[in-house]
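Dear colleague,

Please find below the structure that I am handing over to you, together with its sequence. My findings follow directly after it, and I would ask you to read them with the model open beside the text.

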Amino acid sequence: MAALLEADDVVKHFPVKRSLGEIATGRHPAVHAVDGISFAIESGESVGLLGESGCGKTTTGRLLLRLAVPTAGTIRFDGQDIGTLAGDDLATFRRRAQLVFQNPFEALNPRFTVLRAIAEPLVNAGVPRADHQARVVEAMRRVNLADVDQHLDKYPHQMSGGQLQRVVLARALVLEPIFLVADEPVSMLDVSVRAGILNLMRDVRQAMGLTAVYISHDLALVRYVCDRTLVMYLGKVVEDGPTEEVIRLPQHPYTQALVKAVPVPHVDQSHEPLPIKGNVPDAKNPPSGCRFRDRCPHAMARCASEEPPLREVAPRRRVACHLLAA
Ligand code: SF4
């Protein structure tokens, strides 16, 4: 199947304020949020970006939607470099690629009714006003907001968290995109409604043939909804493969630790602390060689001097670790 999206050696650094010492020595410190990641996503695929806070997964999602501009590298969507899009081409990309917000309580303007909230992308895209209500109703039906007429004039404070997340999803679908990025789509919801929203997202994705990227720290979530998972650590992809294989037979020591923390993953299961020492290192000064070496139980001398490339270790499996070097 053809790749809908291709990221090629993408880097995103955020400059930070310099200290007096850094000014004196001419250093320009930056947070290395994403540091050279390459992958392709096929049309119709559902891909998880998995990792701890600060691993670069949210920045990657923003780069894929051109909500942030790469420091280096290119992202192609349907064959076009999204960094070069302008005018009508950029407007078309904005319609085709949508973000599902993490926090429905913040994503919706409290002064907007449901109708107005879901119609807002139509207004921004210049869709004739006469078409708005029909398209909003269609989007609400897609997300199983039953009794559409009852909900159209409600305000966010009159709805439950699960209903609000359905409104957020309807808003992302109203322009009939082909690509969705969902950033921690259920993390702010009560445990009792999470599985329902994830089932809905899976059903909607399949019914509309959407390509999707789910950003999460939650192994159980990606197992539930993603065909394939990219594990990220400190701005790098360290493992990539079909989700079930990555979870049943994790190859990278970091993925192994993530899997050990949730032995029998369920969407609503609580998590054990990661069975590895220390915390994620400072992204302003990532370690030399392998970025996981300070926490890795298998680290060896080579790991400090040589960065392990993300290499294919089996069909559709890539891992960045010297232990798996040919
Ligand atoms: Fe551990 Fe070395 Fe592999 Fe990094 S390259 S994960 S430090 S063994």
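**The antiparallel sheet**

Within strand β5, Gln-80 is the bridge partner of Phe-77. Please bear in mind throughout that this is a predicted model. A further bridge links Arg-76 to its partner Asp-81, which also lies in β5. In total, two bridges join β5 to strand β4, which covers residues 72-77, and the two strands run antiparallel. Together, β4 and β5 form a hairpin with two residues between them. In the turn of this hairpin, Asp-78 has a positive phi of about 55 degrees.

Which strand order does the open sheet that contains this hairpin follow? Its four strands are arranged as β2-β1-β4-β5, with antiparallel pairing. The edges are formed by β2 (30-42) and β5 (80-81), each of which pairs on one side only. Between β1 and β4 there are five bridges, and these strands run antiparallel. Helix α2, made up of residues 57-64, lies across β1 (3-15), β2 and β4. The helix runs at about 60 degrees to β2.

**The mixed sheet**

A further open sheet is formed by eight strands in the order β6-β7-β8-β3-β9-β10-β12-β11, and its pairing is mixed. Why is one side of β6 and of β11 left without a neighbour in the sheet? Strands β6 (97-100) and β11 (311-314) stand at the edges and have a single partner strand each, so one side of each remains without a neighbour there. On average, neighbouring strands of this sheet are turned by 25 degrees against each other, direction ignored.

Strand β3 (residues 46-50) pairs with strand β8 (residues 211-216) in the parallel sense, over five bridges. Among the residues involved, Leu-49 has Ile-215 in β8 as its bridge partner.

Two helices lie across strands of this sheet. Helix α8 (residues 161-173) lies across β6 and β7 (179-183) and runs at about 170 degrees to β6. Helix α9 (residues 191-208) lies across β3, β6, β7 and β8, and its direction is at about 155 degrees to β8.

**The ligand**

Where does the ligand sit? The ligand is found in the largest cavity. Around the ligand there are 13 residues, of which Cys-290, Cys-296, Cys-303, Cys-321 and His-322 come nearest. By class, this shell consists of nine nonpolar, three polar and one charged residues.

With kind regards

Methods: Residues are numbered from 1 along each chain as its sequence is written. This is a predicted model: local features need pLDDT of at least 70, side-chain atom pairs count only at pLDDT 80 or more; totals for chains, interfaces and linings use all residues. Side-chain values use heavy atoms; hydrogens and water are left out. Two strands pair if DSSP finds at least two bridges between them. Axes are lines fitted to C-alpha atoms, for helices over the stretch in contact, and angles run from 0 to 180 degrees between N-to-C directions. Contact means heavy atoms within 4.5 Å. A residue is near a molecule or strand if one of its heavy atoms lies within 4 Å of it. On a 1 Å grid over the protein atoms alone, a cavity is a set of points where a 1.4 Å probe fits but cannot get out, and a pocket is an open set with protein on both sides within 12 Å along at least five of seven lines; lining residues have an atom within 4 Å of a point. A molecule sits in a cavity or pocket if more than half of its atoms lie within 2 Å of its grid points. Ala, Val, Leu, Ile, Met, Phe, Trp, Tyr, Cys and Pro count as nonpolar, Asp, Glu, Lys and Arg as charged, and the others, Gly among them, as polar.
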